[in-house]
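The stops below go from loops to helix pairs to the core.

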Amino acid sequence: MGEFRFPDSPVFYRVLNRSLPEVVRGEGVYLYDTAEKKYLDACGGALVVNIGHGRREVAAAMAEQAAQVAYAHGSMFTTRALEEASAALVEILPANLDKVYWVHGGTEATETAIKLAHQYHRARGKESKYRLIGLTPSYHGNTLGALAASGREPLRRPYQSLLSDFPHIPAPYCYRCPWKARPPECGLRCANELEGVLEREGPESFSAFIAEPIAGSSAGAAVPPAGYFPRIREIGDRNDILFIADEVLTGLGRTGKYFAVEHFAVAPDILLMGKGLGGGFVPAGAVAVNRSVIQCIRDQFGNFIHGYTFSHHPVVAAACRETLSILKREGLVEKAAERGVKIFGADQVLGKDTPLAAALHSEVEMQRLRDSERDRMLSEHAQEPPKPKSYKDRLRRKD
Ligand SMILES: Cc1ncc(COP(=O)(O)O)c(C=O)c1O
């Protein structure tokens with residue numbers, strides 16, 4: 001075989017313009033290729049590997065489950081692994097979320113939630129409530145429903161004609177505030193936009209509001225201002241729309257708590273998980289919800305009309321159960337919280353003579369620069385958002 005690149009290899013790669021090294025081994029934070037070259041997998045791939053590479057306990061749990069029974073259809077059977085993994089999740093989830101639907105990644109979790117929210121409203125006789133309101137920027141996945149909910153223009157643009165009409169309001173991203181305002185004086189204008197959309201378009205077509213509690217891949221860990229989610233919750237409740245917290249990236253300990261919503265003292269109606277749920281050993285995702293939502297659907301329709309061939313998979317469940325057990329017994333979530341304080345409180349922790357320390361140091365410096373630049377911008381600009389350019393202006397600019 002030639003190089004591992006398009007078109008030499010039969011693989012339809014995710015990248016078509018470069019060769020890829022062949023990875024053969026993972027240990028802790030490192031990956032190794034065939035030439036024993038070592039790569040620091042600093043963020044665990046796409047924020048997935050939260051317990052480290054090469055964890056034999058997870059491999060053993062998967063092997064044991066696979067040897068006993070690898071597959072049984074989720075509508076016909078349950079397994080001990082599935083029951084225990086679900087119980088382990090319910091133990092750490094916000095108290096109101098007590099049932100877990102198992103899928104295979106973040107995108108499927110979003111799709112499941114879109115349908116769940118709509119079917120819940122239908123069960124209550126509110127057929128017209130099917131649309132989501134999302135944020136810009138944001139990301140919830142790459143299938144058509146999840147992409148329609150996402151405010152990620154470069155990913156949406158090629159498929160615009162296929163996407164449902166879900167409106168987006170500005171994300172609580174103070175650094176790029178469209179009104180150049182700052183909390184608390186801004187009065188949480190970005191949260192109030194939710195009310196604006198509901199008033200303009202009528203709450204009767206909307207089923208849910210979806211947001212990442214801390215914006216991940218589209219805004220680089222933008223933390224919303226205090227009071228944002230309680231305000232969102234209150235507007236949503238008044239207009240009978242559900243709040244879906246997408247914790248695919250932020251969940252399972254990434255922010256120093258099991259779930260990022262815990263930082264904001266707000267309880268979502270539906271919570272989405274993925275990425276670190278299976279530690280990278282299996283493609284796993286899950287949707288958590290309160291039993292009353294399911295009861296409502298069951299009373300009206302008998303069942304939640306949804307499902308995949310591989311939902312509630314026994315080997316996936318075994319890997320997730322072991323991953324959750326490692327997070328707990330090694331105190332990794334608490335450790336993440338401690339490290340966060342050290343890194344952002346005192347950037348000297350690792351000494352400045354290693355490349356990692358230098359990178360961390362410059363990241364902290366960057367954050368300081370961003371903060372001071374933001375303060376400067378905020379003080380220089382008026383409180384009003386820039387007026388959109390007229391069509392004529394835009395034409396003139398092209399000349
Ligand atoms: C917040 C969030 N939701 C959903 C997804 C989609 O997850 P997946 O790529 O596992 O389908 C991602 C992926 O980056 C994400 O960051």
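In which loop does P137 lie? Select P137: it is in the loop between β5 (131-136) and α5 (144-149). Helices here are DSSP runs of H or I of at least four residues, strands are runs of E of at least two, and both are numbered from the N terminus.

This is a predicted model, in which local features need pLDDT of at least 70, side-chain atom pairs count only at pLDDT 80 or more, and totals for chains, interfaces and linings use all residues. Residues are numbered from 1 along each chain as its sequence is written.

**Loops**

P184 sits in the loop between β6 (168-170) and α7 (189-201).

L188 is in the loop between β6 and α7. Its phi is near 55°, a positive value in a residue other than glycine. L188 has 19 C-beta neighbours inside 10 Å and therefore counts as partly exposed. The scale takes a residue as buried if 20 or more other C-beta atoms lie within 10 Å of its own, exposed if 12 or fewer, and partly exposed in between, with C-beta atoms placed from the backbone.

Move to L252, in the loop between β8 (242-246) and β9 (270-273). Phi of L252 is near 60°, again positive in a residue other than glycine. Is L252 buried or exposed? L252 is buried, with 29 other C-beta atoms within 10 Å.

**Helix pairs**

Show α2 (residues 56-68) with α10. Their axes come within 8 Å and cross at roughly 150°, which makes α2 roughly antiparallel to α10. Axes are lines fitted to C-alpha atoms, for helices over the stretch in contact, and angles run from 0 to 180 degrees between N-to-C directions. Angles under 35 degrees count as roughly parallel, over 145 as roughly antiparallel, 65 to 115 as roughly perpendicular and the rest as oblique. On the α2 side, colour E57, V58, A61, M62, Q65 and A66; they meet residues of α10 including P314, A318, R321 and I326. Contact requires C-beta atoms, placed from the backbone, within 7 Å. By class, this contact of α2 with α10 has nine nonpolar, two polar and three charged residues. Ala, Val, Leu, Ile, Met, Phe, Trp, Tyr, Cys and Pro count as nonpolar, Asp, Glu, Lys and Arg as charged, and the others, Gly among them, as polar.

Now show α4 (residues 106-123) and α9 (residues 291-301), which pack at an angle of about 55° with their axes 9 Å apart. The two helices are therefore oblique to each other. Q119, Y120 and A123 in α4 meet V293, C296, I297, Q300 and F301 in α9. The residues of this contact divide into six nonpolar, two polar and no charged.

**Core**

Select F209, I244, I270, A286 and V287, the residues with the most contacts inside the largest nonpolar core, which has 81 residues. Helix α10 (residues 314-329) gives the most to this core, with eight residues. A nonpolar core is a set of buried Ala, Val, Leu, Ile, Met, Phe, Trp, Tyr and Cys residues joined through C-beta atoms within 7 Å.

Finish on V287: leaving out residues up to four places away in sequence, V287 touches Y101, V103, A109, T112, A113, L116, I270 and L272.

How values were computed. Contact = placed C-beta atoms within 7 Å.
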